Amino acid sequence: MNASHFVADKVASVDTSGIRRIFDMAATMTGPLDLSIGQPDFDVPEPVKQAAIEAIRDGHSGYTPTRGLPALCEGIGAHLGAEFATWDPELMVTCGVSGGLLLSLMACLNPGDEVIYGDPYFVSYKSLPHLVGGRSVIVPLDDGFQPDPERFAAAITPRTKLILLNSPSNPTGVVHEAARVQAIAELARKHDLLIVSDEIYNLLSYETRSPSPVDFAPERTLLLRGFGKSYGMTGWRMGYAAGPSAVITSMMKIQQYTFVCAPHMAQRAALTALETDMSATVRAYGAKRDLVTEALADKFEFVKPQGGFYVFPKAPAKFESGTAFVEEAIRNNVLIIPGGVFSEQDTHFRISYAADNEVLTKACAVLCALAD
Ligand SMILES: Cc1ncc(COP(=O)(O)O)c(C=O)c1O
């Protein structure tokens with residue numbers, strides 16, 4: 001029986017065909033040089049693993065409070081207090097940053113309310129507002145993949161409810177300049193908007209700290225951070241949200257009836273993660289960034305990433321689109337993602353350099369040969 005008529009129109013209209021075609025092609029590859037994966041290639045630090053194992057052995061298997069374990073909330077609060085001295089947000093533990101994104105949009109958007117964000121964008125930004133009845137207003141980032149406050153200002157309408165920022169960024173690895181974040185914070189203040197700041201890669205910023213809208217408009221910033229990318233535990237589904245009390249309280253109301261709570265054993269492990277020094281890993285990722293950008297520099301046009309683990313180069317001019325280049329790369333055993341997955345334009349491609357250095361070197365050589 002064809003059951004497609006049971007599916008709601010707004011879900012059926014979410015288009016995942018582009019990425020599906022690429023992964024269908026990828027399924028035919030043997031031993032691909034895989035630069036497609038948006039997760040760290042390092043293992044969870046041993047003390048964090050031990051904390052999860054002990055949590056299970058000690059029987060911490062039941063629900064936690066909806067907000068999260070009090071000790072974890074306290075630990076997160078202490079970290080935020082050290083970074084943002086005068087900020088006193090409400091906070092809650094979420095099921096990854098994805099959980100925080102969904103809850104925040106469900107909590108804040110009335111039907112037809114608009115969310116402004118830059119292009120290129122993280123894939124879920126385009127679907128989530130739509131799925132909860134809101135509307136995406138997509139503004140091209142500038143040539144350096146920085147948000148242009150004037151373009152954001154021009155996109156504001158009486159229906160604008162929030163601005164979504166992401167730094168360090170997926171798919172570009174760009175860290176926003178402080179002056180841009182400040183100008184957008186002022187814009188939000190002038191038009192009474194909420195800023196949702198997706199800072200999932202905040203620990204993976206190589207040269208400088210990634211500026212946060214909390215620095216400029218703490219009263220109207222909802223900060224979303226996660227443990228997955230920073231500690232190699234993406235499947236443990238751990239993140240947190242911090243921000244205005246009315247917003248967090250509403251998010252908790254929805255969490256109570258949906259996710260209920262983040263995984264208990266992972267919350268206990270996250271407490272250990274908060275105390276774990278990841279600076280050596282961050283340095284190793286900085287070195288991978290250098291390896292890849294040096295290998296591609298002569299053949300590709302790109303903005304040098306300052307954080308995360310992605311580069312977003314332009315496809316060589318001889319290919320008609322980003323997708324055409326990616327298909328050729330896949331035929332040559334290198335798996336990358338077409339830029340059209342993250343953008344209204346199909347002109348670029350995304351490399352994830354969260355991979356073994358030998359794989360990175362070989363894959364970059366193939367890409368350079370294709371560009372010749
Ligand atoms: C920018 C950005 N936000 C959110 C997420 C989702 O993170 P999580 O796995 O914590 O739900 C990702 C994952 O790739 C991401 O790149």
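Where is P171 found? P171 sits in the loop between β5 and α8. This is a predicted model, in which local features need pLDDT of at least 70 and side-chain atom pairs count only at pLDDT 80 or more, while totals for chains, interfaces and linings use all residues. Residues are numbered from 1 along each chain as its sequence is written. Helices (H or I, at least four residues) and strands (E, at least two) are DSSP runs, numbered from the N terminus.

**Helix α8**

- Helix α8 covers residues 178-190; at 1.5 Å a residue its 13 residues should span 18 Å, and its end C-alpha atoms are 18 Å apart, which agrees. The expected span is 1.5 Å times one less than the number of residues.
- R180, V181, I184, A185, L187 and A188 are buried in α8. A residue is buried if 20 or more other C-beta atoms lie within 10 Å of its own, exposed if 12 or fewer, and partly exposed in between, with C-beta atoms placed from the backbone.
- Seen down the axis of α8, the buried residues fall within an arc of 160°, so they line one face of the helix. The arc is that of the directions from the helix axis to the C-beta atoms.
- An α-helix has 3.6 residues a turn, so residues three or four places apart point the same way.
- On the face of α8 turned away from its buried side are the exposed residues A179 and K190.
- The cover over the buried residues of α8 includes α7 (149-155), β5 (160-166) and β6 (194-198).

**Around the ligand**

- The shell around the ligand has 13 residues, of which G96, V97, S98, F122 and N170 come nearest. A residue is near a molecule if its C-beta atom, placed from the backbone, lies within 6 Å of it.
- Helix α5 (residues 96-108) gives the largest share of this shell, three residues.
- By class, the shell has three nonpolar, nine polar and one charged residues. Ala, Val, Leu, Ile, Met, Phe, Trp, Tyr, Cys and Pro count as nonpolar, Asp, Glu, Lys and Arg as charged, and the others, Gly among them, as polar.

**Strands and their pairing**

- Three strands, in the order β9-β12-β11, form an open sheet with antiparallel pairing. Two strands pair if DSSP finds at least two bridges between them.
- At the edges of this sheet are β9 (310-311) and β11 (337-338), each of which pairs on one side only.
- β11 and strand β12 (residues 349-352) run antiparallel and are joined by two bridges; I337 has R350 in β12 as its bridge partner.
- Strand β2 (residues 90-94) is mostly covered, with four of its five residues buried.
- Five bridges pair β2 with strand β8 (residues 239-243) in the antiparallel sense, and M92 has A241 in β8 as its bridge partner.

**Backbone exceptions**

- Most residues other than glycine have a negative phi, and most peptide bonds are trans.
- A cis peptide bond with omega of about 5° joins D119 and P120; P120 is in the loop between β3 (114-119) and α6 (124-131).
- The bond from N170 to P171 is also cis, with omega near 25°.
- F145 is not a glycine, yet has a positive phi of about 60°. F145 lies in the loop between β4 (135-140) and α7 and is buried, with 21 other C-beta atoms within 10 Å.
- V260, not a glycine either, has a positive phi of about 70°. V260 is in the loop between α10 (245-257) and α11 (264-274) and is exposed, with 11 other C-beta atoms within 10 Å.

Conventions. Contact = placed C-beta atoms within 7 Å.
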